[in-house]
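Work through the exercises below with the structure open. Each task is followed by a solution in steps.

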Amino acid sequence: MLKALLLLPLLGAGLLSLLPSRSVDLLHGLASIVAAATMLCACLLLANFDPAIGDIQFFETRPWNPRVGSSLALGVDGVSMPMLLLATVLCFVAIFSSTGIRNGAKLYFSLILVLETSLLVVFAARDWSLFYVFWELTLIPLFFLIDRLGGANRHRAALNFVLYTLGGSVFMLIALLLLYDVAPGHSFAMADMAAGSAHLPEKTQILVFLGLLLGFGVKMPIVPLHGWLPLAHVEAPSPISILLSGILLKMGAYGLIRAAWTLPAAARALQDWLALLALISLIYGAVLAWRQTDLKAMIAYSSISHMGIVLLGLAALNEAGLNGAVTQMVAHGLAAGLLFLLIGLLYERTHSRDLAAYGSLNGIAPRFAVLIVFALLASVGLPGSAGFIAELQVLIGAYGRWGGWLAVVSIAVLISAAYALRAIRCLSTGPERPPAGALAGVATFADLAPGESATAALLGAGIVIIGFYPAPLLGLMTSSVGRLVQQFGG
């Protein structure tokens, strides 16, 4: 079943290559069916997953290159299972909402399906060489998706994204080779590398962990490794921004969790420094989001702040903090995906993302107005949303480690509320513009169609369900997180 989940999008991309390029609606329909089938396969995998088992499930391995000790090792635990589900949901939403893609549709949908397979393998890999190869493979479809179909500054955005990520990956590769050298039998298996790292001096472990931190920190991103993010989000097509913010950033956080599991002594030694980086990212991202007038840039900078919460939970190295970090990864994926979906639909209708250009949309597009207010409030952790559950757990975990210093986090929370309320005021509660003074697109603004409303409702339902009933998600990860915490002496 796990192999079927990983191969299904790739087979779908192969089927798309056989269809004529001019049949855009057929291409979109087939890609949507493949993405929906992949999402269903992930749900079937979840149904067979036993949350009480903290170890790897559905494990299978095949020799890949025995001479260098690499293997095609796959498996799922309570940390990777939520990421697989999130990836399949967001890929479906991105494909289904791509109705505006007419030119180059065949290449576009094929690349998204190839990207989905690469993402799923990263989250299911139990061999660092397999992880690294597919980590790098995600760059190829994303480069072409931004470079071919992005905005006016798309070439610079695509190049920045690739160069930043490749630069971080160099340090990651060096760190992995150092771990490979001490692994029993010179193996890239994650379990073998973790066993070998235990024999390294603490200073060496710290150096190796810093190499992994640079590689994963670029993708999260952690300040000051965030330079690629705002430009890539602004220039990418909106469905691709859903994937960039919703799931690509989570690759970095997921990799950092695996790095901490592999090098627990280094994670403990750098605990306070990781928390400092998290607080800097929290406040820096929130302040810059507050200062933006471009809606996509605002959500891009807010993502830096939200990923800072993930890093803070991880740095706590206790059960509450790690549960909160993984929950925040899911919550931010759903909220950011919903925001980029709505902003993309808004841009298709008005050809503007400038907050100052809009008055109240309540009378023109009430369904859109309600959803955008809901998404903005969910993104800042309103009680009853998934973000609230995640942030509360992170704060509990961090307070147990650092105490009153966590008052600094409240500054970032207040700034986050400020940018969200400013956007709500402009888009929903501001004065209605007369048609004569409005943008041409705004004057003829069409409210969300049934299909668009259903897609947005899918993400909204996930936010509300986790917000009011988080027990299934927490139960899914509790055993695996508990096993992880034991590595840190918790």
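**Exercise 1.** Is Trp64 buried, partly exposed or exposed?

Solution. The model is predicted, so local features are taken at pLDDT of at least 70 and side-chain atom pairs only at pLDDT 80 or more, while totals for chains, interfaces and linings use all residues. Residues are numbered from 1 along each chain as its sequence is written, and side-chain values use heavy atoms, with hydrogens and water left out.

Step 1. Buried means under 20% relative accessible area, exposed over 50%, and partly exposed in between (1.4 Å probe, protein chains only).
Step 2. Trp64 has a relative accessibility of 39%, so Trp64 counts as partly exposed.
Step 3. Trp64 sits in strand 2, residues 63-65. Strands (E, at least two residues) and helices (H or I, at least four) are DSSP runs, numbered from the N terminus.

**Exercise 2.** Which residues make the nonpolar surface patch of about 470 Å²?

Solution. Step 1. A patch takes residues with over 30% relative accessible area and no salt bridge; like charges are joined within 9 Å, and nonpolar side chains (Val, Leu, Ile, Met, Phe, Trp, Tyr) within 5 Å. Areas come from the Shrake-Rupley method with a 1.4 Å probe, and for residues only the protein chains shown count as cover.
Step 1. The members are Trp64, Leu72, Val133, Leu137, Ile140 and Phe144.
Step 2. Helix 5 (128-137) and helix 6 (139-149) are the elements that give two or more residues to this patch.

**Exercise 3.** Which residues does Ile247 touch, not counting residues up to four places away in sequence?

Solution. Step 1. Ile247 is found in helix 11 (residues 238-262) and is buried, with a relative accessible area of 0%.
Step 1. With contact meaning heavy atoms within 4.5 Å, Ile247 touches Met83, Leu86, Ala87, Leu90, Leu119, Phe123 and Ile242.
Step 2. Cys91 is 156 residues from Ile247 in sequence, and their C-alpha atoms are 9.0 Å apart in space.

**Exercise 4.** Against which elements do the buried residues of helix 2 pack?

Solution. Step 1. Helix 2 has 24 residues and reaches 35 Å from its first C-alpha to its last, close to the expected 34 Å. The expected span is 1.5 Å times one less than the number of residues.
Step 1. The buried residues of helix 2 include Val24, Leu27, His28, Met39 and Leu45.
Step 2. The buried residues of helix 2 pack against helix 1 (2-18), strand 1, strand 4, helix 3 and helix 4 (105-124).

Note on methods
Salt bridge = Lys/Arg side-chain N within 4 Å of Asp/Glu carboxyl O.
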